[in-house]
Amino acid sequence: MGKRSAALEGHDLVREAARILCEEQLTDYRLAKQKASRRLGLSVHTAMPSNADIQAAVLEYQQLFGGTPYTRHLQRLRRTALQAMDMLAPFAPRMVGAAATGAAHPGHRLQLHCFTDAPEDLDIFCMERGIDFDTGERRYRFADGRTRDIPMLSFQAGDVGVDVAIFSELGRRQVPLSPTDGQPVKRLDRDHVQALLAATSDDDESSPPPRRVA
């Protein structure tokens with residue numbers, strides 16, 4: 001296969017993977033690339049595009065075809081982030097993930113990072129406010145090559161799922177790597193989130209508070 005054919009093949013693979021992610025609301029880039037390769041009838045030896053290329057294509061796809069539903073969903077994620085960040089202010093929350101990059105669809109949950117040397121403090125904080133939540137862990141990779149299992153707290157704010165990764169105070173400086181491009185994740189503070197929301201907000205809806213225990 002010539003270089004031009006390989007380039008066209010790679011371009012088609014990127015666009016198809018992005019379409020699958022958006023239309024099927026997948027969050028696993030590896031699975032989307034595998035599905036795209038099979039649907040295009042490509043060889044198992046075909047070189048897979050980078051996650052960064054796929055993410056850029058998702059943004060392009062949503063800007064072209066997402067329309068008002070995409071814009072409103074992104075606004076909803078970011079508006080919910082502001083409310084959650086206000087509530088979790090004692091834990092210095094930062095927004096990460098699809099809501100930060102804009103490469104989002106309704107399958108994405110809101111992702112926040114918080115910081116405390118006692119993860120149980122955040123559990124108690126939510127219990128005292130009657131918030132119904134689940135706990136777990138998520139594995140993150142760091143620049144030193146190590147992986148760590150970070151405590152996770154999850155709750156619902158209306159129709160928006162919220163995942164809060166609880167890092168130690170030292171974790172403010174030890175930023176995990178993005179699974180998309182392998183670079184340190186971009187952690188956005190409240191002012192940055194507010195600026196993103198203000199740039200696109202039509203102020204036609206508000207997000208409900210976290211779901212409380214009955």
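**Stop 1: Glu24**

Select Glu24 to begin. Its relative accessibility is 31%, so Glu24 counts as partly exposed. This is a predicted model, and the tour goes on from this residue.

The side chains of Glu24 and Lys35 form a salt bridge, with N and O 2.8 Å apart. Colour the two helices. Glu24 lies in helix H1 (residues 3-24) and Lys35 in helix H2 (residues 29-39), so the pair ties together parts that are eleven residues apart in sequence.

Is Arg39 buried, exposed or partly exposed? Arg39 is partly exposed, with a relative accessible area of 45%.

**Stop 2: other salt bridges**

How many salt bridges are there? The count comes to twelve. Go to Glu128 and Arg129. Their side chains meet in a salt bridge, at 3.8 Å from N to O. Glu128 is exposed, at 61% relative accessibility. Arg129 is partly exposed, at 34%.

Next, select Glu16, Arg19 and Glu23 together. Salt bridges with shared partners join these residues into one network.

**Stop 3: the whole chain**

Zoom out and switch to a cartoon view. The protein has six helices and five strands. Follow the elements from the N terminus: they run α-α-α-β-α-β-α-β-β-β-α. The protein has 214 residues, and 44% of them count as buried. Look at contacts between residues at least 6 apart in sequence: 63% of these join residues at least 24 apart.

**Stop 4: Gln62**

Zoom in on Gln62, which is in helix H3. Is Gln62 buried or exposed? Gln62 is buried, with a relative accessible area of 7%. Which backbone oxygen does the side chain of Gln62 reach? It is that of Ala104, at 2.8 Å.

Now show what surrounds the residue. Setting aside neighbours within four places in sequence, Gln62 is in contact with Cys22, Gly67, Tyr70, Ala104 and His105.

**Stop 5: the nonpolar cores**

In soluble globular proteins, nonpolar side chains tend to be buried together. Look for that here. The largest nonpolar core has 33 residues. Select Met95, Leu110, Leu112, Leu122 and Val164, the residues with the most contacts inside this core.

Which elements supply at least two residues each? They are H3, helix H4 (98-101), strand E2 (110-115), H5, strand E4 (147-157), strand E5 (160-167) and helix H6 (190-200). The largest share of the core comes from H3, with eight residues.

Centre the view on Leu122. Beyond its neighbours within four places in sequence, Leu122 is in contact with Leu88, Phe91, Cys114, Leu153, Val164 and Ile166.

Then move to another core. This second, separate core has 17 residues, including Ala18, Ile20, Cys22 and Tyr61.

**Stop 6: the aromatic rings**

How many aromatic pairs does the structure hold? There are four. Start with Phe91 and Phe125. Their ring centres are 5.3 Å apart and their planes are at 85°, so the pair is edge-to-face. The cut-off for that label is an angle over 60 degrees.

Phe91 is buried, at 7% relative accessible area. Phe125 is buried too, with a value of 10%.

Next, select Phe115, Tyr140 and Phe167. Ring pairs link these residues into a cluster.

**Stop 7: charges over rings**

Arg187 lies over the face of Phe167, at 4.9 Å from the ring centre. Then go to Phe142. Which residue has its charged end over this ring? It is Arg148, sitting 4.2 Å from the centre of the Phe142 ring. The tour ends here.

Terms used:
Residues numbered from 1 in each chain as written. Predicted model: local features only at pLDDT ≥ 70, side-chain atom pairs only at ≥ 80, totals over all residues. Heavy atoms only, no water. Phe/Tyr/Trp six-rings, centres within 6.5 Å; stacked < 30°, edge-to-face > 60°. Buried < 20%, exposed > 50% of the residue type's maximum accessible area, 1.4 Å probe, protein only. Lys NZ or Arg CZ within 6 Å of the ring centre and 35° of its normal. Salt bridge = Lys/Arg side-chain N within 4 Å of Asp/Glu carboxyl O. Helix = DSSP H or I, 4+ residues; strand = E, 2+ residues; numbered from the N terminus. Polar contact = N/O pair within 3.5 Å; in protein donor to acceptor, adjacent residues only side chain to side chain. Contact = heavy atoms within 4.5 Å. Core = buried A, V, L, I, M, F, W, Y, C linked by side-chain atoms within 4.5 Å.
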